[in-house]
Amino acid sequence: QLVNAVNRAGYGLVPVAEENVDQSEVKLRRDRRDVIAASLLTLPLVAQMLLQFMGYNELHLLPAIEVLLATPIQFVLGLRFYRAALNALRSRSTNMDVLVVLGTTAAYVYSWYLLITLGEEAEGQLFFEASAVVITLVLLGKYLEAKAKRATSEAVRALMSLRPETALVKTATGVLEERPIAAVRVGDVVVCRPGDRVAVDGRVVQGEAEVDESLITGESVPQLKSQGDSVTGGSININGVLEIETLTVGDDSTLQTIVRLVESAQLGKTRVQNLVDRITVWFVPLVLILAGITLAGRFLLYGDLEVALLAAVSVLVIACPCALGLATPTAIMTGTGAAARAGILIRDVSTLEEAQVLKRIVFDKTGTLTLGQPRVRQVT
């Protein structure tokens with residue numbers, strides 16, 4: 001039921017295990033290809049518009065060429081928006097895709113109306129560039145969002161890569177067995193040799209070694225661990241052999257908790273996004289009402305249907321909320337991803353939003369807060 005609901009809303013549901021770097025790269029290449037294709041097709045239309053603004057009204061494309069340029073953008077490269085809008089309407093909801101489809105389709109259809117009614121006189125008076133530019137800009141936003149998402153996903157995967165794939169488990173008979181990390185259970189004794197990463201969260205039951213826990217604590221100096229001390233999965237055993245009793249596994253591990261918090265922060269919504277979500281429910285009907293009022297008002301005032309249609313189409317095109325729909329999610333994913341790569345854990349998205357007003361930061365930390373990169377200051 002959940003999968004069907006997500007599909008009806010215009011989205012896809014992919015198991016985490018199936019979402020790998022290769023798939024992200026394929027999506028990114030597809031989005032990049034669409035942006036390049038849309039830009040190349042839109043460029044002549046925009047150039048014509050700019051030349052007209054500069055007073056060169058005699059320099060314009062033939063209507064047939066405008067149609068050939070705009071149609072693939074509208075119905076091939078823009079097909080994803082039609083599908084998403086249709087799915088949203090089927091689920092009795094509205095989103096940015098609905099507005100994109102309304103605005104661009106209105107501009108595209110209005111251009112055809114002018115072409116049919118005016119014939120050759122329509123040269124230089126069509127508005128195919130309006131629909132083409134909007135779709136191209138939204139595709140660019142989607143590409144930037146996908147690029148930021150991929151970078152963030154790689155940061156999360158980098159955290160996951162800190163956990164060893166296997167663990168050396170000491171059986172009840174004293175035999176050492178190498179097992180997949182998923183096969184390790186609470187209570188198992190794991191042996192960690194010098195240079196290895198600690199495979200599990202646990203407690204040292206035998207041995208003594210220095211362990212680099214900078215991943216978790218930020219302390220650059222390795223900590224001495226002996227019997228009874230706790231160790232964290234993902235930290236590095238500098239020297240000595242440790243036998244560790246497993247205390248937590250799987251999703252309960254410290255490293256997995258960090259990953260989960262980072263992912264949760266990326267999926268969270270800011271106050272601006274929550275406000276937009278509430279407004280969107282009423283925004284699309286309001287835009288349609290305003291476009292209808294504009295159409296009727298302009299027609300009653302001037303008695304010119306073409307002028308009235310142009311004004312109504314302008315309302316629909318301007319209503320496309322590209323900035324609100326794309327800028328905020330991209331900023332969140334970029335910010336949380338950059339923080340994760342720098343070793344900063346952002347608990348939730350509201351924390352990221354409030355960081356802009358910070359004036360001072362107080363560090364409650366044992367020992368000295370350093371970069372962990374000693375350098376020679378003076379030689380005597």
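Contact means heavy atoms within 4.5 Å. The structure is a predicted model, in which local features need pLDDT of at least 70, side-chain atom pairs count only at pLDDT 80 or more, and totals for chains, interfaces and linings use all residues. Residues are numbered from 1 along each chain as its sequence is written, and side-chain values use heavy atoms, with hydrogens and water left out.

**Exercise 1.** Describe the surroundings of serine 235.

*Solution.* Step 1: locate the residue in the loop between E7 and strand E8 (236–237); strands are DSSP runs of at least two E residues, numbered from the N terminus. Serine 235 has a relative accessible area of 2% and is buried (under 20% relative accessible area, 1.4 Å probe, protein chains only). Step 3: list the contacts. Leaving aside residues up to four places away in sequence, serine 235 touches Asp196, Arg197, Val198, Val211, Asp212 and Glu213.

**Exercise 2.** Determine which strands stand at the edges of the open sheet.

*Solution.* Step 1: write the order of the six strands, E2-E1-E3-E9-E4-E7, with antiparallel pairing (two strands pair if DSSP finds at least two bridges between them). Step 2: read the edges. Strand E2 (176–180) and strand E7 (230–231) each have a single partner strand, so one side of each is left without a neighbour in the sheet. Step 3: examine one pair. Strand E3 (residues 189–192) and strand E9 (residues 242–248) are joined by four bridges; valine 189 has glutamate 245 in E9 as its bridge partner.

Key: Buried < 20%, exposed > 50% of the residue type's maximum accessible area, 1.4 Å probe, protein only.
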